[in-house]
Amino acid sequence: MSKKSNKHKALPIYLVNGPNLNTLGTREPEIYGSTTLAQVEAMAAERAASHGYALVARQSNKEGELVDYIQEARTHASALILNAAAYTHTSVAILDALKMLAMPVIEVHISNPQAREDFRHHSYVALAATGSVTGMGTFGYVLAVEAAVNLLKTRASKKGKSQ
Ligand code: DQA
């Protein structure tokens, strides 16, 4: 009987951005910088590719659509990088969707919400995230790709050892 090859292509890393992040580059540049979302996605895709991962980028201003993307990641992604923007601080629906994921979840914020208004100090996303990158500007997305790849490698080597 022919043995099936264990070699399979890794699922892509999902990058999901929430409300108002489509306006990156022009939105409050003193806080969020001048890099556009397209540039952020290209930077993250380039870094993911350097590690052999494709990157799927999604953005929505709508909470339900973000839930849909997270559910899509459940079966189509190997890791999720999420900047839920303002929904970070309000959305139980996003938290519930994240709780269904068994993969690394990296929370990203361009600014440092802890150093801003009180209402930004609480994150529902953090309750389900593996870790977070905050306050590093848009370069934080590249750091998040590095973190996701590292977590995937660690998980793969642990799995290999237990087999
Ligand atoms: C943000 C921080 C949030 O508090 C804010 O609502 C955003 C962007 C950030 O990337 O710094 O929209 O997630």
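**The nonpolar core**

The largest nonpolar core comprises 24 residues, and those with the most contacts inside it are Ile13, Leu24, Leu55, Ile81, Tyr141 and Val145. Such a core is a set of buried Ala, Val, Leu, Ile, Met, Phe, Trp, Tyr and Cys residues joined through side-chain atoms within 4.5 Å; buried means under 20% relative accessible area, exposed over 50%, and partly exposed in between, with a 1.4 Å probe and protein chains only. At least two residues of this core come from each of strand S1 (13–17), helix H2 (37–50), strand S3 (79–83), strand S4 (105–109) and helix H5 (139–161). Helix H5 gives the most, with six residues. Helices (H or I, at least four residues) and strands (E, at least two) are DSSP runs, numbered from the N terminus.

This is a predicted model, in which local features need pLDDT of at least 70 and side-chain atom pairs count only at pLDDT 80 or more, while totals for chains, interfaces and linings use all residues. Residues are numbered from 1 along each chain as its sequence is written, and side-chain values use heavy atoms, with hydrogens and water left out.

Val145 touches Ala44, Arg47, Ala48, Leu55 and Ile81, not counting residues up to four places away in sequence; contact means heavy atoms within 4.5 Å. In soluble globular proteins, nonpolar side chains tend to be buried together.

Val105 lies in strand S4 and counts as buried because its relative accessibility is 2%. Leaving aside neighbours within four places in sequence, Val105 is in contact with Leu80, Leu98, Ala128, Ala129, Thr130 and Gly131. The C-alpha atoms of Val105 and Ser78 are separated by 9.5 Å, although the two residues are 27 apart along the chain.

Leu143, in contrast, is partly exposed because its relative accessibility is 31%; Leu143 is part of helix H5.

Thr134 belongs to strand S5 (residues 131–134) and, because its relative accessibility is 29%, counts as partly exposed. Beyond residues up to four places away in sequence, Thr134 touches His109, Ser111, Asn112 and Pro113.

As to confidence, the mean pLDDT (the predictor's confidence in each residue, from 0 to 100) of the protein chain is 94, and 94% of its residues reach 70 or more. Over residues 1–6 the pLDDT is below 50, and this stretch has zero contacts in the model beyond near neighbours in sequence. Where pLDDT is low, the predicted coordinates should not be read in detail.
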